[in-house]
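Open the model in your viewer and keep the sequence panel beside it. We will go from stop to stop, selecting a few residues at a time.

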2 protein chains.
Amino acid sequence: MIKNKKVSLADIAMTLGVSKTLVSMVLNGKGDENGISKKTQERVMELAESMNYKPNQFARGLRMGRSNTIGLIVSDISNPFYSRLARSVEDAVSESGYNLMICSSDESEEKEMKLLEMLINKQVDGIILSSTLDSTDHVESLQNENFPFVLIDRIYNDFEANTVVVDNRTGALEAVEFIINNGHKKIAALVISPAHISTQVDRLEGYKDALSKHSIPINQYYQKVVKREDIYNAVSQIFIEWKSDHMMPTAIFVTNNQLAIGCLEAIRDLGLSIPKDISIVSFDDIDLFKLYSPPITSVIQPINSIARNAVEILLDNIKIKDNSESLIKTHKCLQTNIVVRNSVLKLA
Amino acid sequence: MIKNKKVSLADIAMTLGVSKTLVSMVLNGKGDENGISKKTQERVMELAESMNYKPNQFARGLRMGRSNTIGLIVSDISNPFYSRLARSVEDAVSESGYNLMICSSDESEEKEMKLLEMLINKQVDGIILSSTLDSTDHVESLQNENFPFVLIDRIYNDFEANTVVVDNRTGALEAVEFIINNGHKKIAALVISPAHISTQVDRLEGYKDALSKHSIPINQYYQKVVKREDIYNAVSQIFIEWKSDHMMPTAIFVTNNQLAIGCLEAIRDLGLSIPKDISIVSFDDIDLFKLYSPPITSVIQPINSIARNAVEILLDNIKIKDNSESLIKTHKCLQTNIVVRNSVLKLA
DNA sequence: CTGAAAGCGCTTACAG
DNA sequence: CTGAAAGCGCTTACAG
């Protein structure tokens with residue numbers, strides 16, 4: 001079934017006594033428009049099939065300047081959010097006959113730049129990017145080159161591009177409002193570094209929105225950035241600080257699943273009980289939250305929808321570029337949902 | 001930084017007034033061996049740099065018949081075991097200047113065959129495969145074509161190929177022995193479908209080994225295959241059956257992390273308590289186990305080492321093939337470790 | 001209805 | 001020390 005015999009267009013043309021041109025046309029479905037007789041078309045198709053002909057992708061790519069491959073860059077494919085996202089992207093692109101190249105940037109600006117170069121060098125037809133960069137130089141280059149790409153998950157306020165995101169601010173607002181509606185006033189927010197990333201910024205804004213809306217004073221002391229390299233220890237320190245200051249919040253909002261995991265560990269190890277001693281709600285839903293004791297209330301992102309939208313927009317852009325029309329920009333903002341479980345205490 | 005200007009060898013040769021041959025040689029580090037003067041070499045290098053020359057991969061691939069890309073097929077990249085494996089593979093191949101194409105087969109034989117064809121068609125230089133297939137036809141084809149590949153995680157007893165696996169049988173034996181040493185006699189084993197997969201077979205063997213070793217009768221009734229499509233319900237049914245038969249085991253051994261998740265849910269929803277009502281140990285360690293109440297004892301696989309070994313063997317094979325020597329076969333079997341937590345009750 | 005030819009951008013004998 | 005030329009396998013004007 002898997003043959004490697006390298007049969008080429010020329011082989012087919014030769015055996016059939018026709019030209020490569022004809023074979024190429026037929027195999028690319030351009031038989032009719034070029035008026036190749038049905039009979040000839042059939043003969044070509046059949047032989048190609050029986051010889052198990054597979055066009056050489058390099059030759060094709062070289063000639064046509066396209067690879068039928070798209071690139072996806074995320075910070076870490078082993079983060080469950082991104083692995084599920086990648087899976088959805090994989091499914092979506094493959095339905096359209098594209099292949100996918102998945103890369104992890106590790107939140108390293110240098111690595112992301114390298115990856116971007118590599119993908120362009122590999123001549124991918126487009127890129128889906130969840131960027132770790134603060135500056136927009138790299139995406140501006142892409143834009144200038146008229147290279148099709150869409151930004152997902154993380155975007156730039158001051159830069160116009162194709163984007164598919166979730167309404168992080170509203171999602172966060174709803175989450176914190178849920179906490180407030182349970183009677184809490186001392187609510188802390190933990191974000192993960194690098195703090196410039198739009199998801200973190202927006203979720204923190206949403207947190208502040210909620211407090212403002214309910215006339216709760218916003219306190220810097222309750223907003224902490226946690227270094228992603230050492231979440232557990234950083235979070236533990238924060239709790240210890242709060243405790244020794246006698247300023248322990250009654251609830252915390254965490255903006256990312258890894259952060260949540262670190263918090264759950266730290267809270268447990270400090271002998272604190274959820275939600276009795278401290279309430280918690282997290283952004284991103286993972287298996288763990290459903291099964292934790294108590295189950296953790298969280299904000300769930302429509303991962304599949306993010307992926308599908310991004311792919312759709314990207315493929316549209318690729319098509320547009322092929323017709324050498326100029327690229328348009330599409331923005332898609334999806335809503336999150338809050339899954340209420342048992343990690344928030346109802347205060348009197 | 002990212003230029004798309006498509007500068008070619010010819011451009012460099014032209015501006016420098018030398019031949020493409022020379023430029024190509026220099027850029028491929030063959031300047032010295034072809035006796036190109038240091039001076040010329042420098043001029044070429046500098047210009048290439050300043051023009052930001054990037055060789056066209058299609059042209060290169062077409063000419064040389066290699067892509068510098070390797071393929072990885074796993075059942076599902078969103079399964080944490082595989083996403084971590086993929087991440088390690090990505091790191092390992094990129095250190096050697098290779099790119100990676102990750103694909104999910106979804107345990108579908110048809111899909112896996114398509115993926116394999118696709119990767120070969122894309123002319124990847126080698127494949128790392130965790131196969132879902134029962135038959136070995138597909139890997140035999142690869143072998144016959146002298147196509148470099150290595151089987152990981154899942155292998156075939158009756159088929160000789162490069163393999164990197166974990167000692168599933170011993171890992172399972174140790175896990176079950178741990179249960180036995182805590183005084184249990186009624187121990188069940190749950191495996192996931194498709195049950196023909198070597199990991200499942202071997203882990204079940206290990207389970208039986210442990211029972212035999214301790215002279216505990218092996219009972220078919222305590223060995224169940226769970227359909228992966230509907231784990232939660234299937235597991236619930238099994239527990240209900242055991243209960244109504246008054247045959248509830250005191251401990252279960254589950255052979256996969258997804259299965260474990262389903263079990264934890266089912267056990268919780270049936271109002272059973274771990275480890276008081278039932279003890280459990282799982283194969284594969286995931287974040288959840290560490291944080292669950294109680295923390296779940298599990299068998300941990302050396303994921304990074306699996307990845308690194310597989311990549312090393314694969315790249316060796318690719319090199320060997322390039323020198324048109326015949327491929328050798330390497331087998332690597334890594335040991336697992338058991339992480340003891342609190343999910344097994346000490347019986348009197 | 002069909003074919004000869006050019007050309008995509010490389011690398012590699014071969015020749016001097 | 002260096003270059004002209006062939007060829008990898010395709011697609012696409014162009015010609016008839």
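**Before you start**

This is a predicted model, in which local features need pLDDT of at least 70 and side-chain atom pairs count only at pLDDT 80 or more, while totals for chains, interfaces and linings use all residues. Residues are numbered from 1 along each chain as its sequence is written, chains are lettered from A and ligands numbered from 1 in the order in which they are written, and side-chain values use heavy atoms, with hydrogens and water left out.

**Stop 1: the sheet of chain A**

Helices (H or I, at least four residues) and strands (E, at least two) are DSSP runs, numbered from the N terminus. Two strands pair if DSSP finds at least two bridges between them.

In what order do the strands of the open sheet in chain A lie? The six strands follow the order β7-β6-β8-β9-β10-β12, with mixed pairing. At the edges you will find β7 (223-226) and β12 of chain A, each with a single partner strand, so one side of each has no neighbour in the sheet. From one strand to the next, the twist averages 20°; such angles run from 0 to 180 degrees between N-to-C directions, with axes being lines fitted to C-alpha atoms, for helices over the stretch in contact.

Now select residues 279-283 and 297-300 of chain A. These are β9 and β10, parallel strands joined by three bridges, and A:Val281 stands opposite A:Thr297 here. Look for A:Ile300, which has A:Asn337 of β12(A) opposite.

Move on to residues 187-192 and 251-254 of chain A. There β6 and β8 pair in the parallel sense over four bridges, with A:Leu190 opposite A:Val254. Next, show helix α10 (residues 231-244) of chain A, which packs on the sheet and touches β6, β7 and β8 of chain A. The direction of α10 makes about 155° with that of β7(A). Contact here means heavy atoms within 4.5 Å.

**Stop 2: the sheet of chain B**

Hide chain A and turn to chain B. Its open sheet has six strands in the order β7-β6-β8-β9-β10-β12, with mixed pairing. The edge strands are β7 (223-226) and β12 (337-339) of chain B; each has a single partner strand, so one side is left without a neighbour in the sheet.

Select residues 187-192 of chain B for β6, a strand that runs parallel to β7(B) and is joined to it by four bridges. B:Val191 sits opposite B:Val225 in β7(B). Then bring up helix α9 (residues 198-213) of chain B, lying across β6, β7, β8 (251-254) and β9 (279-283) of chain B at about 170° to β6(B).

**Stop 3: where two helices meet**

Show both chains and select residues 57-64 in each. How far apart are the axes of α4(A) and α4(B)? The axes are 8 Å apart, and the helices pack at an angle of about 145°. A:Gln57, A:Phe58, A:Ala59, A:Gly61 and A:Leu62 meet B:Gln57, B:Phe58, B:Ala59, B:Gly61 and B:Leu62.

**Stop 4**

- A cis peptide bond joins A:Ile274 and A:Pro275, with omega about 0°. A:Pro275 is in the loop between α11 (257-269) and β9 of chain A.
- The bond from B:Ile274 to B:Pro275 is also cis, with omega near 0°.
- A:Gln123 is a residue other than glycine with a positive phi, near 65°. Find A:Gln123 in the loop between α6 (109-121) and β3 (126-129) of chain A.
- B:Ser215, in the loop between α9 and β7 of chain B, has a positive phi of about 55° although it is not a glycine.

Is each of the last two residues buried or exposed? A:Gln123 is buried at 12% relative accessible area, whereas B:Ser215 is exposed at 65%. Buried means under 20% relative accessible area, exposed over 50% and partly exposed in between (1.4 Å probe, protein chains only).
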